[in-house]
Amino acid sequence: MKRIWLVLVCFCLLFTACGEKQENTGEPETLPPLPEPIPQTELFPDETDYAAMLSAVFDDVEDAPLTDFAFEVQGKTATLTAYLGTAEAVRVPERVGDAVITRIADGVFANRSDLKILILPETIAEYGNDLLKDTALTALCAPYPQTLDYLGSLWGIAESIGNRAPIIKSLQYLKLLAPQTETEPFRLPANSLSDCLGLIALELPEGSELGGSALANCEKLAYLNAETLTSVGEKALDGCVSLQELKFSGSLTKMGFAALRGCRSLMKLELPFIGSSAEKQTGMPSERTDFLGFVFGAVKPAFAKGFYPPFLQKVTILEGCDELPDFALYECVSLTALSLPYSLKRIGGRALAGCTSLKVLSLPEGCAEIGDAACAGCTALITVYNLREQIKIGQNAFLNCPLK
């Protein structure tokens, strides 16, 4: 009897469990919702000293012995015709005897899997074909003759592929020299280094000019000695998404449209002027180019807000600039610090309007005028230093600013 009752109890429990299972399958099982992707709201400064790293790569490499090379000497000049060594880092000497090395023949450093660092003297004025073909360099220091259209040609790569070829992606450090034989200012031609996807640090000679899209889409480029530049062409640094800081100097005279477009990691920017040049402009805002958004790709100040780098926090205007033009930094909402030069005499109308993160503004001693609505809508601005009675202040200059 006990055995029969035990069987009945087990049967009932089994039936109940099956019923519950069928009942639960009546509606689809509800899964917990996936978490929303977290937008990037903070960018941490990269403290790496790339300039020091670049120097260190080349500084410790000594001249290779002349026995590692073959030359053709013609009077006071020589052509490097072959490399016979096996070193990982090679510095080519400037001279063989009394002859200056001015040319490198075809394919001298081609197919060298052992070669990682190559330093060529500034006496070189001409390169042969396929100089670096199938050689995956990590670092290159070399003159850049104006006859060289784009970097990839040193590897014998067709222009249709350009600098995106896998063999060039290994190049991380690049130092370009002005050939001794050229007297014109050094100019990096249009598109010459565009799409160098592995390039991390670049050093250019003093007084350099950047052609249009010269460094476009160098997505890993973290360092450029921008203080040497005298002009920057249209879209020259377009898509350089790893640059966090650019320090131009007073030698800069011109910035092309969208020169810095897509530099979305830019946090600090130093400029001698705002916009395309230091020249005074007049006319309607839609016709002017003297506003910061212009260099980021905005065609007029009203559209600038969508073009500024989202993490641009500090802008420094260098000594010599006497005016912050109308709409200069209009609606630069990420801006937290603005450094103005002693030479500044005027802040234009709406020049800082809508800079909602700006908390402190320090006026130079020589500032004599603040235009209409210059700081209107700066809803975080609580302190303005050196705001004197002698300054001519326009209407609504500090509208909706919680000044204390």
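**View 1. Strands β9 and β11 of the predicted model run side by side in parallel.** Strand β9 covers residues 173-177 and strand β11 residues 201-203; 3 bridges join them. Leu174 stands opposite Leu202 of β11.

**View 2. An open, parallel sheet contains this pair.** The sheet has 6 strands, ordered β3-β6-β8-β9-β11-β13. Its edges are β3 (89-91) and β13 (223-224). Each edge strand pairs on one side only. Helix α2 (residues 50-59) packs on the sheet. The helix touches β3, β6 (117-119), β8 (139-143), β9, β11 and β13. The direction of α2 makes about 75° with that of β9.

**View 3. Asp68 is buried without a salt bridge.** Asp68 lies in the loop between α2 and β1 (69-74). The nearest side chain of opposite charge belongs to Arg112, 8.5 Å away. Beyond residues up to four places away in sequence, Asp68 touches Ala82, Tyr83, Leu84 and Gly85.

**View 4. The largest nonpolar core holds 105 residues.** Those with the most contacts inside this core are Phe109, Leu215, Phe248, Leu260, Leu292, Leu324 and Leu329. Several strands each supply at least two core residues: β2 (77-83), β5 (99-104), β8, β9, β14 (229-232), β17 (268-271) and β18 (314-317).

**View 5. Leu260 is shown with its contacts.** Neighbours within four places in sequence are left aside. Leu260 is then in contact with Leu237, Leu246, Phe248, Met255, Leu269, Val295 and Phe296.

Technical notes. Residues numbered from 1 in each chain as written. Predicted model: local features only at pLDDT ≥ 70, side-chain atom pairs only at ≥ 80, totals over all residues. Heavy atoms only, no water. Pairing = 2+ DSSP bridges. Helix = DSSP H or I, 4+ residues; strand = E, 2+ residues; numbered from the N terminus. Contact = heavy atoms within 4.5 Å. Axes fitted to C-alpha atoms, helices over the stretch in contact; angles between N-to-C directions. Buried < 20%, exposed > 50% of the residue type's maximum accessible area, 1.4 Å probe, protein only. Lys, Arg positive; Asp, Glu negative; His and termini not counted. Salt bridge = Lys/Arg side-chain N within 4 Å of Asp/Glu carboxyl O. Core = buried A, V, L, I, M, F, W, Y, C linked by side-chain atoms within 4.5 Å.
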